[in-house]
Amino acid sequence: MSGLSLYSVQSILILDSQGNRIYAKYYQPPPNVLGHNQHAAFTSFRENELFSSLKKQEDFEKRLIKKTHKQDSEVMLFENKLVFYREYIDLTIYLIGDPNENEIILQTSFNALKNSLELILNNGIDKKNVQENYDMVLLTIDEIVDNGIILETDSQTIASRVSKPPTNDNQLPLDFDKGLLGAWGFAKSKLQERLQQGL
Amino acid sequence: MSTKTYKKSENQIAGELSDKMTIYQDCMNTFNELPVNAKRCRILISRLLRLLANGETFPESEATALFFSVSKLFQHQDDSLRQMVYLAIKELSSISDDVLMATSSIMKDIQNGSNLVKPNAIRSLTYVLDESTAFSAERLLKSAVVNKHPAVSSAALCTSYHLLPISETTIKRFSNEAQEAIVDLKQFPHSSMDNSEFYPNSTFISQYHALGLVYQLKKNDKMSLLKLVRQFAEANTLKNQLAKVQLVKLVNDLIHRDPQLFTQFQSLLDNWLTNKYESVQLETAKLITSFSINNSHLVSQELYISAINTLRSLLTVPRVTTRFAALRVLNRISINNPEKIMVCNPELESLINDSNRNISTYAITTLLKTGNAKNISSLVSTITKFIHEVSDDFKIIIIDAVRTLSLNFPQEWKSIVKFLIDVLKNGEGGLKFKNSIIEAIIDIVSFIPQSKELVLDNLCDFIEDCEYNEILVRVLHLLGKEGPFTSKPSLYVRHIYNRVVLENSIIRSAAVISLSKFALTKNDPTLKDSIVSLLRRIANDQDDEVRDRATIALELINASENKHSLVAEQLIQSKYYYDLNSLENKLTNYMSANDDSFKTPFDVSSIRKFTEDEVKAMKLKKKQQQAVGNNVENTKDAVVPGTKQTDNRIDNDTYQGANLQEHQEDLLETKYADELLSIEQFKEFGNLINSSKPIPLTEPEAEFVVHAVKHLFKDHVVFQFNVSNTLTNVVLDKVTVACSSEGDNQLEELFTLPIDRLLPNTEAACYVAYKKDEAFAMEGFINILHFTTRELDPETNEPFENDEGFDDEYEIDPIYLTAGDYVKSSFTGNFENTFAELPSEDVAVYNIKEDLSLQEITDKLILNTSCLPVSNTQFAPNDTNSHTLKLFGKSVFNGSKVALVVKMIKSSKGIALKAQGRGEDATLCADLVNNLM
């Protein structure tokens, strides 16, 4: 049974082409709301086993990159998990979910991840960009999946909730008067120009 | 800060991270600085989080200090810094102490923060609250759940969901609000995100979160779940596709609790199959097809067909994931009901060349399962082209599928063997891949005798040029085993001897054993002299293992001159296989006991032996179960494989788990037999002939759980009752089982061995022994468990001194000794011929009124007769009303064959069975035929 639990995403990873971590998050839902049937509890117990230590996680990531590098298949079953991935120039983004979850739902969530990262990172998805805008990447992922629950699937909505870094080091007090006057002056001159052209 | 140092710190984030301590120090300094430098703080937090994402961690004291400094940043009003602060709080809370101190700041934000940070604040509550403080957030969460802003409401619903295991009572208090949130279509306010360049679309995903939460709150209340489905199914209130899928899952949950509910959902499900969302179509099709595995009689034909059609249309969409998902479902169906998805074959064939290798492999394995006698050869030629292009993993999956195919369609062996030999010789691939081919070939040789000569000839060619020792050795073994019984054994001798000349010592040793088996060939007596002379030559080999083996073989061949000595035949061409589990067990005991420094030789006579046909039958049975096993995971107490199906869908990768369980079952059987034989009273009964699987006689959750095992001896029967005491503070003394015969007394009770004392949470066995006069005595027994209960003194863990205890009895299910207990599964390559040759015949007719499917009857028959279903008749098709089951077995006493053909016809009145049995032993045959049900 594809349990009724909302915890459908097990992990989100961003690995570079050698399989080193750029970002990694394994969600560990609280143990006793995993759904009422024993099997669900059993598999997730094993899942937790699989991801229980850093070593096991990293081994898993190494096996994963081996399997997905230069293999553009988008989706596969890997070690009894549903893996959605997309390889970019020098990194691969993964979303890993329960094998019994609805594949299309997980794909929707993965698309949200891909598309919103594309929106946020103006210059395309690559290792340098991700590392330079790590704060935005973190916030984006946080808006997509909340501890394993799919939080939002629309990339525009997600992007709109990610704040840009503060622009100034020191908060300069804005000169409102000057600003407004300036705007008024600019508008006036433009209007005059138009009127003259029209005449 | 000068421009230079500023630049430097900016660059750091791009490339390699600086070390942990530097970042820690930087964070501590900057976070505590006043005034707060928002930009720099946000950079440092992201650097800190990157460190944590890389798997670094901080000792508790440092983490707590960091947490404390981070929460100071709440003083700063910048929202973009605040969002980062919340991320840091979430990550650090798991490794630091005193996370509660951030609660008041967070709560302040939930009340007064901007719409941007409110959701972040709410979601961080999960990490700072615990059992004792959860209630304090009740009012805040409640008002956030009903908030008109979708992000705020979703955040509150998710947080409530996370908090469920911590404080369900708190969350329960606003279940009404949560239920309202399902209906409430929350739109983003138009002017909400002035400061962002992106415009949010309203996806109404909070419906999904609300539905998930409400389900958890009401999951024990079937009626209100039903109400929930009715409320949302008809009217178009659910706009979000995730929420709709969740509703399908809810229906799935309900019908698994009460299958009878399915009928009232039929029209609803039919609607969902054409829903505009593919995810809903998929989930509904999954539901219908998996439900019908166990409850096929409840699912109408039309609905099933439209489910298949939905899947079929999903196969043709451009989206990879959709095709993949639909294929997975079809593949699952193909395991049990390949005939149902034949309609999809054209689509499946076009997917063979899909660019996604996962999809093409799934398509091929599915096609191989739906394959029928007509299209196999064309299918096989398609894969021949395909297989060279994929990676080893996929090749192995395909070979496995071909192997199952060959067992299902033995008559098609020619094209399959051709394919396998072709990939074996020409395919590029590693050891694992080649090994899987050899395994498939070995299966074909042992289960399809006609194929033997062709396969062996080709294998001879293959070993001329093979790089893997492991595979060479296996092939040599196979040649030695099968070669002597072919029409021209001398051919193989030449090939095997070539190996002796050309290969390394490992292979030479294997070749020697293989050669020696040809010495006793009945077909060609002249061979013996040639073999002897070859072996003499090998006896001068430079490797001592090879020399030893050759010398032993020569010695044994010499011994065979003496017609009365059976040593040679037993050792060179062994007809028996030991029960390896039991052998291993005994040997370990023998080694560890070491009573008289190994002066008494190890006694093998007590170990069960199997003939080759029996071993084959066991293997085949396992393989058949394995095929079903992908869909069926035996529950712990399921003694009836294939009937107690749980609904877990397991993909091929996880099958190892169940295998292990099977192995444990085998071990358990051996253990029971060993325990039984070690008891003095049973020694005089002679050898144990057969034991049944444990049969549960109580509900698994009863206070005293009883399993029975039936052991057969030549003139005796012993029932073993395994009683386990699940109570914690009561011991049971003098536990016996009183068995009283239901009918005429064919059996004479000899004695009962009671359990003297059964401590809490332990299991022990009580035995009841009978003498039987007739060879195939059959009888039913009503059983009552008798015992004296005494309470335990919790301090000493002994019963109270003055507690006399009182006698009690407990009724357990009856046990039946049936004809099936005298039969064990056996294999035959050609059922029709064997059947026709058997002398005595019996026919019986049954009418079954119960509402059972043909598959259920089939499973029951296989279990009752303990015969092996042959010619792939263990699967009853769901779409016709008749089925013919072919069963084959042997008597446990003398190995006399018995074969059954059971024809079943299902009609509105029930199921009619006509069983035709033939056997070498007339009594056994008649008993079996007349006691099918």
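Buried residues make up 54% of the 933 residues in chain B, where buried means under 20% relative accessible area, exposed means over 50% and partly exposed lies in between (1.4 Å probe, protein chains only). This is a predicted model, in which local features need pLDDT of at least 70, side-chain atom pairs count only at pLDDT 80 or more, and totals for chains, interfaces and linings use all residues. Residues are numbered from 1 along each chain as its sequence is written, chains are lettered from A and ligands numbered from 1 in the order in which they are written, and side-chain values use heavy atoms, with hydrogens and water left out.

Let's stay with chain B for a moment. Its fold has 38 helices and 18 strands; these are DSSP runs (helices H or I, at least four residues; strands E, at least two), numbered from the N terminus. Of the contacts in chain B with a separation of 6 or more, 68% are between residues 24 or more positions apart, a contact being heavy atoms within 4.5 Å. The accessible surface of chain B is about 41,400 Å², and carbon and sulfur atoms hold 50% of that; the areas come from the Shrake-Rupley method with a 1.4 Å probe, and for residues only the protein chains shown count as cover.

Beyond its neighbours within four places in sequence, B:Leu861 touches B:Leu885, B:Val902, B:Met904, B:Leu913, B:Leu932 and B:Met933. B:Leu932 is 71 residues away along the chain, yet the two C-alpha atoms are 6.5 Å apart.

Now to the meeting of the two chains. The size of an interface is often given as the accessible area lost when the parts come together. Here the area buried between chain A and chain B is about 7,000 Å², with 53% from carbon and sulfur atoms; this is the accessible area (1.4 Å probe) that two parts lose on being put together, summed over both. In contact are 72 residues of chain A and 81 residues of chain B. Between the chains, 29 residue pairs are in polar contact, both at pLDDT 80 or more (N or O atoms within 3.5 Å; within protein, one must be able to donate a hydrogen and the other to accept it, and residues adjacent in sequence count only if both atoms are side-chain atoms). Helix α5 (residues 134-144) of chain A gives the largest share of the side of chain A that touches chain B, seven residues.

The structure holds 39 salt bridges over all chains, each a side-chain nitrogen of Lys or Arg within 4 Å of a carboxyl oxygen of Asp or Glu. Ten of these cross the interface of chain A and chain B. A few pairs are set out here.

| Pair | Closest N to O |
|---|---|
| A:Asp142 and B:Arg123 | 3.2 Å |
| B:Arg474 and B:Glu439 | 2.7 Å |

B:Lys286 is in helix α16 (residues 278-294) of chain B and A:Glu103 in helix α3 (residues 103-120) of chain A, so the pair joins two chains. B:Lys286 is buried at 1% relative accessibility, and A:Glu103 is buried at 0%. A:Asp142 and B:Arg123 belong to a salt-bridge network that also includes A:Glu143, A:Asp146, A:Arg161 and B:Lys90.
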